[in-house]
Structures are given as C-alpha cells and as structure tokens.
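Here is a short briefing for a reader new to this structure. Start with the view below, then take the points by topic.

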Amino acid sequence: HECDFPGYLSGVPILTSQAIQGEIDSLSIDEQVRETLGTSDSLYFLDEDALVRLSPDVILTQDLCNVCSIDLSTVERAVSRMPKSPKIVSLNPYSLQDVLDDVMRVGEAIDMREAASRVHQRLSDRLEYLSMVGREFKSRENKPNIAFIEWMEPIYVGGHWTPELISRAGGIHPLNQ
C-alpha cells in the first residue's frame with residue numbers, strides 16, 4: 001500500500017490499505033493509532049477477495065509490529081477462506097542476523113535456496129565491509145553520535161536492527177542505550 005519501488009512493480013495488485021486516511025500531522029496519526037489499537041481493530045484493511053482470487057502459494061508477512069503493516073491474524077483469517085491454503089511466512093527480524101536468516105527462510109519457502117544463499121552471502125559480505133569501515137570510526141575519540149527517529153511526534157526511537165547497523169558503521173546510538 002505504501003511501496004513504490006522498484007517502479008516495475010507498479011502494476012502488481014495492492015491488497016492492503018490504511019485505516020487512517022488523509023494528510024494529518026504525526027501527533028494526530030499517533031492518537032488515531034492508539035485509539036484504533038485500543039479497540040482491537042486493525043490499522044490496515046486486506047482485500048481478502050482479491051487475495052482469494054490470486055490464490056498465492058506463499059504469503060510473506062510480518063508479526064513484528066501491528067502498526068507497521070497488516071497483522072498476522074488478519075492474514076490467517078483470510079487464508080482460512082481459501083480453497084487451497086498457501087504457506088504463510090511471517091518475518092520478524094530483531095537483529096541483522098535475523099534479517100539474513102529471513103533471506104534464507106524466504107528462499108526456502110519459494111524453493112529458491114541457491115539464489116537465497118547467494119543473496120545471503122552478498123549481504124553478509126556488505127555487512128562485513130561496513131563493520132571494517134566502521135572500526136575506523138570506533139577507534140576515534142569523537143565517534144559519530146546518531147539519532148535514528150522512526151516517528152516525530154511523539155518521538156519514537158528506531159529499534160530492532162537499526163542500533164546494530166549504526167554500531168557496525170562506527171556510530172553511537174545513545175537513545176537506545
């Protein structure tokens with residue numbers, strides 16, 4: 001519902017939409033999010049009829065954050081209506097290693113283990129290079145002080161694997177300590 005990259009995916013059906021609509025400030029969105037979550041409603045809608053028509057073999061989703069995208073229970077409810085149940089792969093990375101592991105989980109789910117292994121290796125190599133470059137910054141007296149903010153009002157500090165990424169790059173993320 002929000003992704004527009006890469007451009008060649010613009011013709012792919014969009015199956016989710018946001019419950020909160022309009023151009024409003026981040027504080028108002030936060031208030032609506034809290035109100036909606038307090039009612040146990042989802043912040044997102046899933047076009048279940050379109051999902052049934054598409055009849056996928058695999059559904060990739062997440063259960064890390066009900067604010068970030070469609071919740072797992074909504075996906076599972078939609079799948080229960082399908083004549084042939086697809087495999088649901090829920091990705092919930094908390095660390096960079098989890099992100100790499102999820103590459104392999106997706107490769108396994110779509111029967112592309114070798115391709116996933118190559119992507120995993122390339123990403124691992126890039127992270128190792130980042131760590132190598134980051135060691136130069138870590139050795140400095142004045143390390144880069146980074147604030148990664150996911151939401152402006154109220155302020156939400158970036159979490160999950162973001163502090164690890166900042167650290168590998170040689171920075172300090174004191175808001176997560």
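Tyr-8 sits in the segment before strand β1 (16–18); strands (E, at least two residues) and helices (H or I, at least four) are DSSP runs, numbered from the N terminus. Tyr-8 is exposed, at 70% relative accessible area. Exposed means over 50%, buried under 20%, and partly exposed in between (1.4 Å probe, protein chains only). The model is predicted: local features need pLDDT of at least 70, side-chain atom pairs count only at pLDDT 80 or more, and totals for chains, interfaces and linings use all residues. Residues are numbered from 1 along each chain as its sequence is written, and side-chain values use heavy atoms, with hydrogens and water left out.

**Surface**
- Tyr-8, Leu-9 and Val-12 make a nonpolar surface patch of about 340 Å². Such a patch joins nonpolar side chains (Val, Leu, Ile, Met, Phe, Trp, Tyr) within 5 Å, from residues with over 30% relative accessible area and no salt bridge.
- The protein exposes about 11,800 Å², and carbon and sulfur atoms supply 54% of that. Areas come from the Shrake-Rupley method with a 1.4 Å probe; for residues, only the protein chains shown count as cover.

**Overall build**
- The protein has six helices and six strands.
- Along the sequence, their order is β-α-β-α-β-α-β-α-α-β-β-α.
- The C-alpha atoms fill a box of roughly 60 × 45 × 30 Å along the principal axes.
- Of the 177 residues, 30% are buried.
- Take contacts (heavy atoms within 4.5 Å) between residues at least 6 apart in sequence: 60% join residues at least 24 apart.

**Salt bridges**
- The whole structure holds 10 salt bridges. Each is a side-chain nitrogen of Lys or Arg within 4 Å of a carboxyl oxygen of Asp or Glu.
- Arg-77 and Glu-48 form one of them, at 3.6 Å from N to O. Arg-77 lies in helix α3 (residues 72–80) and Glu-48 in helix α2 (residues 48–54), so the pair ties together parts 29 residues apart in sequence.
- Arg-77 is partly exposed at 46% relative accessibility, while Glu-48 is buried at 16%.
- Asp-102 and Arg-105 pair at 3.1 Å, N to O. Both lie in helix α4 (residues 96–109), three residues apart, about one turn of the helix.
- Asp-102 is buried at 10% relative accessibility; Arg-105 is partly exposed at 38%.
- Arg-168 and Glu-164 meet at 3.7 Å, N to O. Both belong to helix α6 (residues 162–168), four residues apart.

Conventions: Patch = residues over 30% accessible without salt bridge, like charges linked within 9 Å, V, L, I, M, F, W, Y side chains within 5 Å.
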